[in-house]
Amino acid sequence: MSGVEEIDLTDLNRFAHGFPHDVFDRLRSEHPVWWHPPTANTPDGEGFWVLSRYADIVAAAGDSATYSSETGGDRSGGGTLIEDLPAEWAIGKLLNMMDDPRHAGVRRLLSPSVAPRTIQLIEDDLRQRAATIVDTALAEGDCDFLLDLAAELPLQAVAQLLGVPQEDRHQLFAWANVALDYDDRELGEATARTQRAVAETRAYGTQLLAAKTREPGDDLLSLAAHATIDGQPLTDMEKAMLFSLLIAAGSETTRNSIAVGMLAFIERPESWQRLREDRGELGSAVEEILRFASTTTYNRRTATRDTVLGEQRIRAGDKVTLWWSAANRDPEVFPDPHRFDITRRPNQHLAFGRGGHFCLGSALARMEIRVVFDALLDRVGTVELTAPVEYTRSNKHTGIRHMPVRLAAR
Ligand code: HEM
């Protein structure tokens, strides 16, 4: 096995300084469908399959009958994390951990609210917000790019989309940070702090949903509060889970893409200069930022039946992880894959996943990244790191906790 048995993708320290692309390059070329044995860090004490090749990941993501987002075999838990989540509150209740037909029904309800045409309508509002955010940070000069710049627009936008009062957004942000980071725990563990954050988010969501049920507004939560599928309203659990999912998915991944993207530019001033000179490249630069950052590193599926992938026999009930971050650096699809190339075309990256669970917020995320970089390019001359970047300790999201920078106006 040429030493791959030393690889432990459940050791979060491996991810504490960014995504370990070297490990995945090795897996992709030597063992593209790899059985990860359980280690001392692995939740549930069982191994799982690791897919790192673009073609295999596309195949698995496109076959939800064989690769379920709920469960498979005779396991009771399941879901899209390496660790099994319980059937009572996650499996079949959270949109991204549901299979069709329920999944398709809920998606149909939500899709119009996040469709590109709808998102277009809020472009002017997002542009104004982005300009204010950049001007406020510029006035400070020294700031935390993550907190002061990257996090703000996604948070404001998701609050707007869901109908969350803007004054509560930082509280929700704080809860989501605690719930998604692994600064003081290991995979599969919950601390009193994370349990409290999850419970408080849910309680907040439940209250807000009750308010939207009484007095609906023109927002996504009001829609969920009143929607029916086959004549039946969503269950209270489904609605509460949807709220938590959208707050987390809507703020975390986009802010990290903005921050990781900015870091790539800081390290390559010639790309920043080029984009400033030719703003027509911003569309392809956004796609390259998404590919390069790949902030959702993986999602899991569970095999529902025995199958074969890349000459490996996968059994019903096996956990199978699809590493989008690795697919996005597959040299079979992306020439010179570790190069950050804002003119890369084509760029059919998998940062938003693929298949039936393709990211519902992709149009919003793309728009947010575009308007933030437009505002930065318009107003900011230089961005300089003033201390090392601090990454989140997670194998699920490539995230940045802090990114101290000095901004100078143009
Ligand atoms: C750059 C930012 C983003 C990235 C990289 C990202 C990534 C992803 C990925 C990889 C999936 C697929 C999960 C799977 O196959 O199991 C996904 C699904 C999802 N995303 Fe995003 N996302 C981003 C932004 C957003 C935003 C802004 C929202 C909401 C406003 C959002 C909401 C969702 C939802 C609801 C799903 C589940 C869809 C389903 O299961 O049908 N995402 N996202």
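Predicted model: local features only at pLDDT ≥ 70, side-chain atom pairs only at ≥ 80, totals over all residues.
The ligand is surrounded by 28 residues, and the closest of them are H103, R107, R301, H357 and C359. Of the residues in this shell, 13 are nonpolar, 13 are polar and 2 are charged. Several elements contribute to the shell: helix 3 (102-114), helix 11 (236-267), strand 7 (298-303) and helix 15 (362-379) each provide at least two residues. The largest share belongs to helix 11, which supplies 7 residues.

The ligand contains an iron atom, and the only protein donor to this iron is the SG atom of C359, at 2.3 Å. C359 is located in the loop between helix 14 and helix 15. H357, which is also among the closest residues, approaches the ligand through a polar side-chain atom that lies 2.6 Å from a ligand oxygen. A polar side-chain atom of R301 is placed 2.7 Å from an oxygen atom of the ligand. For N299, the distance between an N or O atom of the side chain and an oxygen atom of the ligand is 3.4 Å.

Attention now turns to the aromatic side chains. A pair of aromatic rings is described by two quantities, the distance of the centres and the angle of the planes. The model holds 16 aromatic pairs. One of them joins F24 and W323, whose ring centres are 4.9 Å apart and whose planes form an angle of 40 degrees, a tilted arrangement. F24 belongs to helix 1 (residues 21-30) and W323 to strand 10 (residues 319-323), so this pair ties together parts that are 299 residues apart in sequence. Are these two residues buried or exposed? F24 has a relative accessible area of 0% and is therefore buried, the limit being under 20%. W323 is likewise buried, because its relative accessible area is 0%.

A second pair is formed by Y54 and F334: the ring centres are 5.8 Å apart and the planes stand at 75 degrees, so the pair is edge-to-face, a class that requires an angle over 60 degrees. Y54 lies in helix 2 (residues 54-61), whereas F334 lies in the loop between helix 14 (324-327) and helix 15; the pair therefore ties together parts that are 280 residues apart in sequence. Y54 is buried, with a relative accessible area of 10%. F334 counts as buried because its relative accessibility is 0%.

F24 and W323 also belong to one aromatic cluster, together with F15, F19 and Y298.

Charged side chains accompany some of the aromatic rings. R291 lies over the face of F334, at 5.2 Å from the ring centre; F334 is thus the partner of Y54 in the edge-to-face pair and also a ring with R291 over its face. R202 lies over the face of W89, at 5.5 Å from the ring centre.

Which side chain does K212 join through a polar contact? The partner is D219, and the contact between the two side chains spans 3.1 Å. K212 has a relative accessibility of 11% and therefore counts as buried.

Notes:
Residues numbered from 1 in each chain as written. Heavy atoms only, no water. Near = heavy atom within 4 Å. Polar contact = N/O pair within 3.5 Å; in protein donor to acceptor, adjacent residues only side chain to side chain. Helix = DSSP H or I, 4+ residues; strand = E, 2+ residues; numbered from the N terminus. Nonpolar A, V, L, I, M, F, W, Y, C, P; charged D, E, K, R; others polar. Phe/Tyr/Trp six-rings, centres within 6.5 Å; stacked < 30°, edge-to-face > 60°. Buried < 20%, exposed > 50% of the residue type's maximum accessible area, 1.4 Å probe, protein only. Lys NZ or Arg CZ within 6 Å of the ring centre and 35° of its normal. Donors = N, O, S within 2.8 Å, 3.2 Å for Na, K, Ca; no water.
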